[in-house]
Amino acid sequence: MLRHAPRLTAFLLVGPVLFGMAATLAPAFDFFPALGSHRLSLDPWRELFAQPALLRSALLSFASGILTALFSLAIVAIFVAGWSHTRAFRLLQHLVSPLLSVPHAAAAFGLAFLFAPAGWLMRLFSPWLTGFGQPPDWLIIHDTLGIAMMAGLVIKEIPFLFLVTLAALPQAKAGEHARIANSLGYGRIAGFVHGVWPLVYRQIRLAVFAVIAYASSVVDVAVILGPTTPAPLAVRLVGWMNDPDLSMRFMASAGAVLQFGVTVAALWLWIIGEKVLALYARTLRHGGHRFANDSLARSISAASVLAMVAIVFTGLFLLAVWSVAGYWSFPDALPRSFTLRVWERQAGSLARPLLITVTTALVSTIAALALTLACLERETRSGKSGGSRALFLIYLPLIVPQASFVFGLQLFFLSLGIDGSFPALVLVHFIFVLPYVFLSLSDPWRAFDTRYLWIASTLGASRSRAFWKIRLPMLLRPVLIAFAVGFAVSIGQYLPTVLIGAGRWPTITTEAVALASGGDRRVIGIYALIQMLLPLAGFALATIVPASIFLRRRDMRAGT
Amino acid sequence: MTNPGNLALENVVVRLGNRVLVSIDTRIAPGEVFTVMGPSGSGKSTLLAYIAGFLDPAFTGSGRVVYAGRDLTLLPPERRKAGLLFQDALLFPHMSVGQNLMFAIPAGGNAKARREVCEAALQEAGLGGFFDRDPATLSGGQKARAALMRILLSEPGILLLDEPFSRLDADLRTHVRSFVFAEARSRQLPVLLVTHDIEDARDANGPVLELG
Amino acid sequence: MKSASAILARLMLATGITLSTPALATSQMVVDPANWEQVEADARGQTVYFNAWGGAQNINDYIAWAGAVAKERYGFDVVHVKLDDTANAVAKVVAEKATGKDSNGSIDLVWINGENFASMKRQNLLLAPGWAEKLPNWQFVDFANKPTITTDFTVPVEGLESPWGMAKMVFFHDTARQREMPDSFAQLVEWTKLHPGRFTYPAPPDFIGSSFLKQALSETVADPQVLLRLVVDSEFDAVTAPLFKKLDEMHPNLWRSAKTFPKNKEALRQLLADNEIDIAFAFSPAEASNAIANQELPDTVRSFVFSGGTLGNTHFVAIPYNATAKAAALVFANFLMSPEAQLHKQDPSVWGDPTVLNIDAIPDDMRQAFDKLDLGVATLKPSQLGPTLNEPHASWMTRIEEEWTRRYGVAN
């Protein structure tokens, strides 16, 4: 069993992506026997390109992918470069980590509640400072260029890239290299960029690709914050996929293939950018510019990270306030009255989505964790890790746009008659949970001092006894953290849940996004709040459980 | 203390690529301490890894390791009965001192009897009453002694020592060293010690092999 | 490409699912509303997946209430599958039919009318023959005085859906802001010039957004009769020219200069609450009173209609041809139009949706209960609701939505 774990994992990751892509591709060329079409033609494409403003939608998606990645990466890189090994850095590190668990949709709602013309910021400063008795008619949220959408994405991608970078720093021997460069007179940032960054970047590159892919094909954030006239490609895609008109399915498939193309194009441009930058960096290096005065860049990066933390936490606070608000008119900074009425009314309809959300997350995460542990244990025993190819496979579901292959997967499941079934839902969640669980656990797992295992062996313990009694309990904390990460990822899934769940399996996230169209901030507040609290509860458990089990074991505490 | 026997290293060679790190052909009698001396990086630890069965794939080892008539290199590590002591005590941090020792006792017997064996071993090591202690609260010397007792409870046939005293300060080192050697002798275990400390070798009072 | 489709085709064949799979037995109508006792017996223990738009809390609560009553009284479960667009449910049935899933479908009951009904009826996706008029509670339905119950957006209903509630377009505003309100679409266009940025409407194909366009179309069309028949390409441009001329005139003065639109009436109401706009509207006369009761709008909000008339229609529930729990769906549909359920629905503190029943035909105690209902401060009395404008043929809206998207759905 253990021996086949890596192959099984690879199949479960790659299989659905390939089947999904195949099932997307065929109808895009008018071929889909189950829908009664046995011929090949370009009609779906002709129809697709006849859609108004298609190019603009595609460009929005493309730009969103590139710009989101660019801004997130730049902020993370400059911040890490300028501040690592400082106290401020350690402090922020603790603040940023929980942000990773905040679902995209909830963060987007928080942002909207804060920055909309009738949002809380404007309320705080009106009318005494702004003079506004009514909200200004400014297009901030749903702006046509997608700036609000990208801001929402950047806020969520910074914690992701930040944590991935943190994990890569020790392997890149960041401290040593930076010190050498500093001693040669380079500023903090320049020293980092020349000495450390190339090594770090090599390790986080796939994560950056995942950001590009995600941002270029996102649906939930785009619905909440994105442009509407026209919407980005993925949002329009979902509309076509759900259109009552059957022929739209073919066009939707073509659209899903186009989405794939847009993402690939964004990745391609990024790779070209990498090469150009590498050349430029070499020129700079040879030029010997030291950029010793980099305090402005350092300040901006720190301010951005701080602002991001503040925005998400204020957003969380606002969601909580709205959920208990009575009538709350503009420009009051607080509601006229507070009421638990909306919570009471929601209690009944919350139960089922809550149960489904938690069950799906638990089952898919346990499965992902079990397979991850099996793969890592297999790696230990065989002494072979899959290397960069395995890493690519793990990232595959994160790099192929969801809309492209999940739509095909839906058609595929539909033809198998298992669409809308719970196992299908769990499987599709599993596909997105596994990469994060694996990425989260593999570093601490590999960093384990194997001499403990040798000792266990020489004491006569079999490999499985050493695994269950020594390695697993000693790594309980990272295992539970990986579990919490997987749990959070599952909770945040929108598109796969909507498409594969076929409406039969409402989760907190699908309900929250469905309500986004409803506009009642108090109900949105409740759902988004729960959406945020569930993963946080997971992380809290991951901290408390090992702490209480190992209460009297000093060396098992955090940070050791 | 199963049948005491000789540990025979027959033409044991450990290589890194084509470079020979260690080459040894010897026989270690029960209760005897054989010392391999060498500076760090000389590959002396890889010899122990080869004998215990953990040689990193980067290295290649050859030769037979025979104990009590059996070729250990044909056995999986957990059946070689080779007790291994590192410079770090490596007590399992999630278990109490007593649980660490219990882990080592071969399966069988009732819980009460096992516990009694454990308590007795702790007593012998001057750690009486330490059963429920967190290993992290032990001093360096206490840890070293607990680690040794843990190995002895697993009823090893041979003892492999990988610079086990180098982390201890001078006073403690002498004390722990004599404790380890005395225990090994009283149980008639062949001991292979690798070290860079001439004191260790002198105290071992046995054959010495010096590596480049 | 070729190999990919080949794989897919083989997989589909392997699972035995092709279009040629005959649709048999179970999908045929084994439930007969004429034999009501049998239907109620069959319904026991079933689960009705009721696909209904889920964007409004009071409606969700009402459905939960009705489900709970059904569970207690008739012994079946009702699961509310919350849709953000009814078209999704239609798409689902379409897909199921296409893949040969002619029984055990995933939808048992769907909240529907207009375009979606027309589409499902046209594609034979509804439980047939007509069953609504055979339901026991049909005797109370006011089909005689409410023509929209038998003609849904110009499409004959023929018992393929059962009436659930009545709708009429009403506008509302906050009287505390003391602004003059327009009395027609033409006046509204002028009003936006005086108050730029203070009016908007949900983007079609949202139901309310489309309804607003229909209202505007009805008021700008030269000959209202053309709207009752299928749209003809050659006349489309001419008929709709006045409408788009007015919209072109109005859009620069809309909220956010028409660069974005609210998604639906809830978002529209939120904008009114936030004082971003001055006029909101809905298809339910009780909308404003409800919102006041829920502390979503201030109690100074009042409703109004155009004296020349506003759009009105009926909304229904329908059963897909491949529904799994047909018997329970029938019993639930019947319950939804019972005097008891209709009374609860018209209660403004619950939903406030006008009844489809003829109050004079229902039992006395029920009639008195209806009379006693306090419709709420902001709800117009039936006598104040003004004339009802006919819904245009559904085909007009399809074309207008396309044209709207082409013109305004893409910002510049």
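**C:His195 and its loop**

I looked up C:His195 first. In this predicted model, C:His195 sits in the loop that links helix 6 (185-194) to helix 7 (207-220) of chain C. Is C:His195 buried or exposed, or in between? I found 14 C-beta neighbours inside 10 Å, so C:His195 counts as partly exposed. Burial would take 20 or more.

I then checked C:His195 against C:Glu340. The two are 145 residues apart in sequence. In space they lie 45 Å apart, C-alpha to C-alpha.

I also noted a cis peptide bond, the one from C:Pro204 to C:Pro205. Its omega is near 10°. C:Pro205 belongs to the loop between helix 6 and helix 7 of chain C, which is where I had placed C:His195.

**Helix 6 of chain C**

I moved on to helix 6 of chain C. Which of its residues are buried? I listed C:Phe185, C:Leu188, C:Val189, C:Trp191 and C:Thr192. Viewed down the helix axis, these buried residues fall within an arc of 160°, so they line one face of helix 6 of chain C.

I asked what the buried residues of helix 6 of chain C pack against. They pack against helix 7 and helix 8 (233-250) of chain C. On the face turned away from the buried side I found the exposed residues C:Lys193 and C:Leu194.

**Where chain C touches chain A**

Next I looked at chain C against chain A. I have 62 residues of chain C in contact with 54 residues of chain A. Several elements of chain C each supply at least two residues to this side, among them helix 1 (2-14), helix 3 (57-74), strand 2 (77-83) and helix 14 (394-408). Which helix of chain C gives the most? Helix 4 does, with eight residues. I sorted the residues on this side of chain C by type: 28 are nonpolar, 20 polar and 14 charged.

**Two spots in chain A**

I checked the backbone of chain A. A cis peptide bond joins A:Phe330 and A:Pro331. Omega there is about 5°. A:Pro331 lies in the loop between helix 14 (295-323) and helix 15 (341-382) of chain A.

I then turned to A:His142. Its phi is near 65°, a positive value in a residue other than glycine. A:His142 is in the loop between helix 6 (120-124) and helix 7 (147-168) of chain A. I counted 25 other C-beta atoms within 10 Å, so A:His142 is buried.

**Chain B as a whole**

I ended with chain B. How many helices and strands does chain B have? I get six helices and nine strands. The C-alpha trace spans about 50 × 40 × 30 Å along its principal axes. I compared the radius of gyration with the globule rule. For 212 residues a compact globule would come near 17 Å; chain B has 17 Å, so the two agree.

Buried residues make up 44% of the 212 residues in chain B. Among its contacts with a separation of 6 or more, 72% come from residues 24 or more positions apart.

I noted one residue, B:Glu163. Its phi is near 45°, a positive value in a residue other than glycine. B:Glu163 lies in the loop between strand 7 (158-162) and helix 5 (170-186) of chain B. With 20 C-beta neighbours inside 10 Å, B:Glu163 counts as buried.

Definitions and conventions. Residues are numbered from 1 along each chain as its sequence is written. Chains are lettered from A and ligands numbered from 1 in the order in which they are written. This is a predicted model: local features need pLDDT of at least 70, side-chain atom pairs count only at pLDDT 80 or more; totals for chains, interfaces and linings use all residues. Helices (H or I, at least four residues) and strands (E, at least two) are DSSP runs, numbered from the N terminus. A residue is buried if 20 or more other C-beta atoms lie within 10 Å of its own, exposed if 12 or fewer, and partly exposed in between; C-beta atoms are placed from the backbone. The radius of gyration is taken over C-alpha atoms; the globule rule is 2.2 Å times the number of residues to the power 0.38. Two residues are in contact if their C-beta atoms, placed from the backbone, lie within 7 Å. Ala, Val, Leu, Ile, Met, Phe, Trp, Tyr, Cys and Pro count as nonpolar, Asp, Glu, Lys and Arg as charged, and the others, Gly among them, as polar. The arc is that of the directions from the helix axis to the C-beta atoms.
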